Amino acid sequence: MTFTIRGIAVSSGIAIGRAVMVASGRADVAHYFVDESQVSAELARVKDAKNTVVDELIRLQHTLVMREAKDAPTEIAAMMDVHMMLLQDQTLQDGVMHWITERHYNAEWALATQFEVLARQFDEMEDEYLRERKGDLEQVVERVLKVLQGKPSVLPHVAESQGEDAALVLVAHDLSPADMLQFKDSVFAGFVTDVGGKTSHTAIVARSMDIPAVVGARTASQMISQDDLIIIDGDAGEIVVNPTAETLALYRDRQQIAILEREHLKLLKHTITVTKDGQAVELLANIERPEDTAAAIEAGAVGVGLFRSEFLFMGRDGKLPDEEEQYAAYTMAVKGMQGLPVTIRTVDVGADKPLDAQTSRDQSHLNPALGLRAIRWCLAEPDMFRTQLRAILRAATHGQIHLLIPMLMSAGEIQLALKQIELARDELDQRGVAHGAVKLGAMIEIPAAAIALPLFIKYFDFLSLGTNDLIQYTLAIDRADESVAHLYDPLHPAVLHLIASTIRQCQEAGIGVSVCGEMAGDVSMTRLLLGMGLRCFSMHPSQILSVKREVLASNAAQLAKLAKKVLRSDDPASLLK
Ligand code: PEP
Ligand code: MG
């Protein structure tokens, strides 16, 4: 049956492919295709892993029998029997074999996929006892996955999806930003998640992958089944499930047009970014990993305006990267930008970017967006913070680094942060380790900071407007909550007033100002921001050429008049159509 699901559009384009259901906790399972020649080896891996688990279970049962005379509860022995039975179940085995031989999924992926298929069947069972066996199946699958993960394929590789019909799109209830990042460079052609808002960090990572994505699709992961053919319309925020032949043909045409348009845009790569009336504009890149600098250079970025360094810290079960690891990562980013400046933002974990699943659970009863996030966490963990600062200062010997601090709001915090930078330099001096000069910047992303801007101008070399958070905190809208996503309004007069006054005051003071929130990469906002006087935009590499096209077609002097009108209007959106 064909049907359409609506969600929030986060990354434009059309993706057409078979649905792969990924459970939130199972995103770390490797997803890659194996070659035809590897299929039998992959099947053997599953068989070996299964046999290992069978041996484990037999050993466990044996231990229980030995203890039975004393105190071993008989339910445990019964549970072992159930696990053994599930492990030998033919539907599980046949399913796994199908995904490997027919679809060429690697063993872990095949097992996780078949689990999702069976889990649905368990959910639909009338009998409560049988329904509850899903938990047992999950435990058994976890055991096999663990064994498999200890014995990776001989030839793990990220193969290309094989032809259009074999394209795959990922469907999940929720994915953390760290999980999402794992799918960068993966086999998936598109993403759908049930939860998330347009500027949630999961959405931001999806957008950075430059493949169509829809978030906030509510019950999509329940309505879509494994292997359904789906169309993701990343512009309209729609998902068409099991489309008719006509609908499919229509979307295939649109997909082709979008591909041609992208090819056409590439011609602008070397064009200097100036408005029609000669105003030079800088287009910088937002990155999550040092290797993303390749895409930044490819798109013609003139630097990195935001390196979200927290992605080096997330999803590591609390084992934070040490100074050497960070130094290597920042140096790689600096070298990757070939002499162009790199703005490294100090770690900004918290809220919808938890360090790991445990922290996320620990904070579930609080309001983490207002909690110990970003610089607040760094100042509470000064050793961790200085480790990062030392790594950044050392990497600055290899090229231009701008150091950017997130979420600052008061003079006290600014002074404490600057003190830590000074201490980090002293520590390097004491160790006799070389370090370089950096420009210092602050994110303006809390209304208090935008209102008390002179304070920030006094202490910093440059400021960067984090509009994602500025909107969240000004309007009291959780950016990650799809139930209030319709109220998240970048054009609210209060938001526009804060942005415009920050840009104006920076210009008057003669210090650099950029926007690095998602507004900077949204072409529908380019003219307004230019009109407000913004000359430095930082965005995902994939957005740079579209924004450049908009800048090239703009007249800054005329847009200044438009911006004035917009700022006086009760209904700014109507003036920007
Ligand atoms: C912002 O808040 O606009 C920003 C760029 O930072 P992040 O999205 O990582 O919070
Ligand atoms: Mg922010």
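**View 1. Arginine 103 and aspartate 227 form a salt bridge, with 2.6 Å between the closest N and O atoms.** A salt bridge here is a side-chain nitrogen of Lys or Arg within 4 Å of a carboxyl oxygen of Asp or Glu. The rule finds one salt bridge across the interface of domain 1 and domain 2. The model is predicted: local features need pLDDT of at least 70, side-chain atom pairs count only at pLDDT 80 or more, and totals for chains, interfaces and linings use all residues. Residues are numbered from 1 along each chain as its sequence is written, chains are lettered from A and ligands numbered from 1 in the order in which they are written, and side-chain values use heavy atoms, with hydrogens and water left out.

**View 2. Domain 1 meets domain 2 through 15 residues of domain 1 and ten residues of domain 2.** Contact means heavy atoms within 4.5 Å. The domain assignment, automatic or from a database, gives domain 1 as 3–24 + 156–265, domain 2 as 36–148 and domain 3 as 280–575. About 910 Å² is buried between domain 1 and domain 2, 46% of it on carbon and sulfur atoms. Buried area is the accessible area (1.4 Å probe) that two parts lose on being put together, summed over both.

**View 3. Ligand 1 has 17 residues around it, of which His201, Arg308, Arg345, Asn468 and Arg479 come nearest.** A residue counts as near if one of its heavy atoms lies within 4 Å of the molecule. In the side chain of arginine 479, an N or O atom is 2.7 Å from an oxygen atom of ligand 1. For glutamate 445, a polar side-chain atom lies 3.0 Å from a ligand 1 oxygen atom. Glycine 466 has a backbone N or O atom 3.4 Å from an oxygen atom of ligand 1.

**View 4. Arginine 6 and glutamate 238 join their side chains in a salt bridge of 2.3 Å, N to O.** This pair links distant parts of the chain, 232 residues apart: arginine 6 belongs to strand β1 (residues 3–6) and glutamate 238 to strand β8 (residues 238–241). Strands are DSSP runs (E, at least two residues), numbered from the N terminus. The whole structure holds 30 salt bridges.

Methods:
A polar contact is a pair of N or O atoms within 3.5 Å; within protein, one must be able to donate a hydrogen and the other to accept it, and residues adjacent in sequence count only if both atoms are side-chain atoms. Helices (H or I, at least four residues) and strands (E, at least two) are DSSP runs, numbered from the N terminus.
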